[in-house]
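Here are my notes on the pocket and its ligand. Have a look at the model first, then read on.

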Amino acid sequence: MKHIDLHIQADQPLSRIAPEIYGHFSEHLGTCMYGGIYVGADSPIPNINGVRKDVIDAFRQIRMPVLRWPGGCFADDYHWRDGIGPREQRRKRVSRYWGHITETNAFGTHDFFALCEQIGCEPYLAGNLGSGTVQELSDWIEYITFDGDTDLTELRRKNGREQPWKLKYLGIGNENWGCGGNMRPEYYADEYKRYQSFCESYGDEPLYKIACGANGDDFAWTETLMSAVGNKLMNGLSVHYYTVPSGIWEKKGDCLDFTDAEYYATVSRALYMDTILQRHIAIMDQYDPEGKVGLVVDEWGNWYDPAEGDNPHFLHQQSTMRDGVTAAVNLNLFNRYSKRISMANLAQAVNVLQAILLTEGAGLIKTPTYHVFDLFKGHQGGMLVSADCGDIRTGADGEIQMLSCSASVKDGVLTLTAANCSLDDAAELCISADGFAAAKAEAQVLSADSCRAHNTFDKPDTVQLSALPVTQDGSLLRLTVPPCAVVCVTAYT
Ligand code: AHR
């Protein structure tokens, strides 16, 4: 057991935590869309217009604020007209990046906007700057958001949607340094400027245009984009960083079968997100001291090798307490950098990579990562306050800070989230908060008997949230967080 004094300065708000930091990502990849989210209106699986009801309910429970679609690399080869109109007439195409399977386009623009309406979240479209055209992207926006009378809006009405939809978030390209066209940053910056010129805001709310950002620690990409595009033509600049336990893409590591050393290596690589954020933000601060351009971490999460027998292009993986802990580590970092971060999207929502939900036929399970999003939802829209979570170290050579934490205040409620990264030591927390007189406090914890614990279709509740006792000792709050666990303390005045 390690004792940690955790001090919060609740009376000094630092920055607003955009709800969108708790965003998600859904791609036409593997069984994320087909089977995972969309089963079709004729399916025996309970659905609303073809979208699984259990998935919608689960998304609503964590207050999913925003959903990115249709990719990923899939977006770099997506042509929106393929996915509108009568389903039986939709174009079948090859899924170029994800296993050369047939993309039926059964799920398209109308389905995506209906899904977002059911979830109650903002839609975030990833536009095609790789294999598409400026005209195509410009037409898509007109089709979706224009209220007037044009050929495109007539087509939308013919396809069953009278009113325009509201669209705020628009990505102009995806990974254009890779699957989106293998471009140099200078070339992409010029292309971005050309595309964005024709992305017109028709609705009440202006489009929030997001430029393709760096691959992890490619700081030169950010430097070029910030200097070439600046803070007038873009609202957001993205960055993608995946945690690969071994650090080697060709042999990443297994999602279930890992050693304690691999657990710590994964946490350590997840913590590299700190360096990535810090350095991209420093460059952005230099070119945009007013903080107009938001950093959008629109792909993040753990990426393992496919299991034997799985289609390697489907990126399906199980999710353990290790993933729960690293999710918490990342979300605490996003909160801490919320002055600059305007959105983040976990990859991906269902059945792909660090999914929050896994489905098998009619079955659905919530992963430890899902429960972490549930635990952290109180931060959405809150004001970040500083939280010092001590400097006790853990890991093979003590390279990891044992406790990752962040705190926020919203409507007089203090939310503190923390992950105990140690596999051996419980953390005995003694919490003090300046400027916050807690009359009542409660805590919920995500923990299990092993960092390898996970939920299965036979045992869906092996890892789930439970109440954790908090004692009040004058103005101090005390609780003990088990090893490899994530906790949320909520205090009320
Ligand atoms: O999330 C899986 C893939 O990872 C996305 O399609 C791509 O953008 C990234 O390389």
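What volume does the largest pocket have?

1. The volume is about 530 Å³. A pocket here is an open set of points on a 1 Å grid over the protein atoms alone, where a 1.4 Å probe fits, with protein on both sides within 12 Å along at least five of seven lines. Keep in mind that this is a predicted model, where local features need pLDDT of at least 70, side-chain atom pairs count only at pLDDT 80 or more, and totals for linings use all residues. Numbering runs from 1 along each chain as its sequence is written, and side-chain values use heavy atoms, with hydrogens and water left out.

2. The lining of the largest pocket has 27 residues (an atom within 4 Å of a point). Trp 177, Asn 215, Tyr 242, Trp 249 and Trp 303 lie nearest the centre. Strand 12 gives the largest share, 3 residues. By type, the lining splits into 15 nonpolar, 7 polar and 5 charged residues.

3. Around the ligand are 14 residues (a heavy atom within 4 Å), and Glu 27, Cys 73, Glu 175, Tyr 242 and Glu 299 come nearest.

4. Now the oxygen atoms of the ligand. One is 2.7 Å from an N or O atom in the side chain of Glu 27; for a polar backbone atom of Cys 73 the distance to a ligand oxygen is 2.8 Å. The side chain of Gln 348 has an N or O atom 3.0 Å from a ligand oxygen.

Terms used:
Points joined across faces, edges and corners; volume = space filled by probe spheres on them. Helix = DSSP H or I, 4+ residues; strand = E, 2+ residues; numbered from the N terminus. Nonpolar A, V, L, I, M, F, W, Y, C, P; charged D, E, K, R; others polar. Polar contact = N/O pair within 3.5 Å; in protein donor to acceptor, adjacent residues only side chain to side chain.
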